[in-house]
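Subject: Model handed over, with notes

Dear colleague,

Please find the model below, followed by my notes on what turned up in it.

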Amino acid sequence: MAAAAPSAASRIAVVTGASGGIGAATARQLAAAGYRVVLTARRKDRIEALAEEINAAGHSATAYALDVTDRAAVDEFATAFTTIGVLVNNAGGALGADPVATGDPADWRQMYETNVIGTLNLTQALLPALVASGDGTVVVVSSTAGHATYEGGAGYVAAKHGAHVLAETLRLEIVGQPVRVIEIAPGMVRTEGFALTRFGGDTERAAKVYEGVAEPLTADDVADTITWAVTRPPHVNVDLLIVRPRAQASNTKVHRESR
């Protein structure tokens, strides 16, 4: 089935967490697919550089510094749009890998605020513009952590379960409206910052996450999946797509090659 080109009314795509990793890769691929991408993240310098790169490649991109957990800032951002075609809720992340007994409540709170409340903020603020386009798409980038638990990950798992339930419930609530709700749930993805952020900058500990795994997913792999789902014909809704590397059978079953 051929990819559907964005219509004039729905050619704007907002991507959160676009300063690196999956968000940046998704912005590049959606721009190449014909969308005018709006890049949001807290790191203004990163998204401005990415916008310049995308524009230099002959596509269209705008950078807007934004903290998705700041509702007043999100509401102000949303006033710039009468219609948009796509919202990719990608901002999120994990902090720590402590067991429930010793997990830091501050980390849990921050993960919930970013992964769930941030997604809620953008979705609520931009839903009228998505409906107005006549062909809107909300993408929630969750995680396999939103579908299965693992030891040491309860805070992140709880947050991603929240993101999953938000997407699932929204789909029920707006059925009949011209807006699709797509959830993409990646497994093990090796990006420049995910594990490093999770372990507070500990490069050795971050590297062990991927140790012996021949080919974890890349940010481009996930971006390709997102772009494919978004560019299906308007009547086709990819409710949930779980994507893992071949070496990962589940959150707790990963093939690692010995050296």
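This is a predicted model: local features need pLDDT of at least 70, side-chain atom pairs count only at pLDDT 80 or more; totals for chains, interfaces and linings use all residues.

Residues are numbered from 1 along each chain as its sequence is written, and side-chain values use heavy atoms, with hydrogens and water left out.

The C-alpha trace of the protein chain spans about 50 × 35 × 35 Å along its principal axes. The chain has eight helices and nine strands, these being DSSP runs numbered from the N terminus (helices H or I with at least four residues, strands E with at least two). Of the 259 residues, 48% are buried, where buried means under 20% relative accessible area, exposed means over 50%, and partly exposed lies in between (1.4 Å probe, protein chains only).

Now to the charged pairs. Side chains of opposite charge can pair when their charged atoms come close. A search of the whole structure finds four salt bridges, a salt bridge being a side-chain nitrogen of Lys or Arg within 4 Å of a carboxyl oxygen of Asp or Glu. One of them joins Arg-28 to Glu-53, with the closest N and O atoms 2.6 Å apart. Because Arg-28 lies in helix α1 (residues 21-32) and Glu-53 in helix α2 (residues 44-56), this pair ties together parts that are 25 residues apart in sequence. Arg-28 counts as partly exposed at 35% relative accessibility, and Glu-53 is also partly exposed, at 38%.

Another salt bridge is formed by Asp-75 and Arg-71, at 2.9 Å from N to O; both residues lie in helix α3 (residues 71-78), four residues apart, which is about one turn of the helix. Asp-75 is partly exposed at 35% relative accessibility, as is Arg-71 at 31%.

The side chains of Arg-171 and Asp-239 also meet in a salt bridge, at 3.6 Å from N to O. This pair links distant parts of the chain, since Arg-171 is in helix α5 (residues 154-173) and Asp-239 is in the loop between α8 and β7 (240-243), 68 residues apart. Arg-171 is buried, with a relative accessible area of 18%, whereas Asp-239, at 38%, is partly exposed.

On the surface, Glu-215, Asp-220, Asp-221, Asp-224 and Glu-257 gather in a patch of negative charge. Such patches are made of residues with over 30% relative accessible area and no salt bridge, like charges being joined within 9 Å and nonpolar side chains (Val, Leu, Ile, Met, Phe, Trp, Tyr) within 5 Å. Within this patch, Asp-224 belongs to helix α8 (residues 219-230) and is partly exposed at 47% relative accessibility.

Lastly, a single position. Ser-143 sits in the loop between β5 (136-141) and α5 and is buried, with a relative accessible area of 7%. Ser-143 and Lys-160 are 17 residues apart in sequence, and their C-alpha atoms are 6.3 Å apart in space.

Note on methods: Accessible areas come from the Shrake-Rupley method with a 1.4 Å probe; for residues, only the protein chains shown count as cover. Lys and Arg count as positive and Asp and Glu as negative; His and the chain ends are not counted. The place of a charge is taken as NZ of Lys, CZ of Arg, CG of Asp or CD of Glu.
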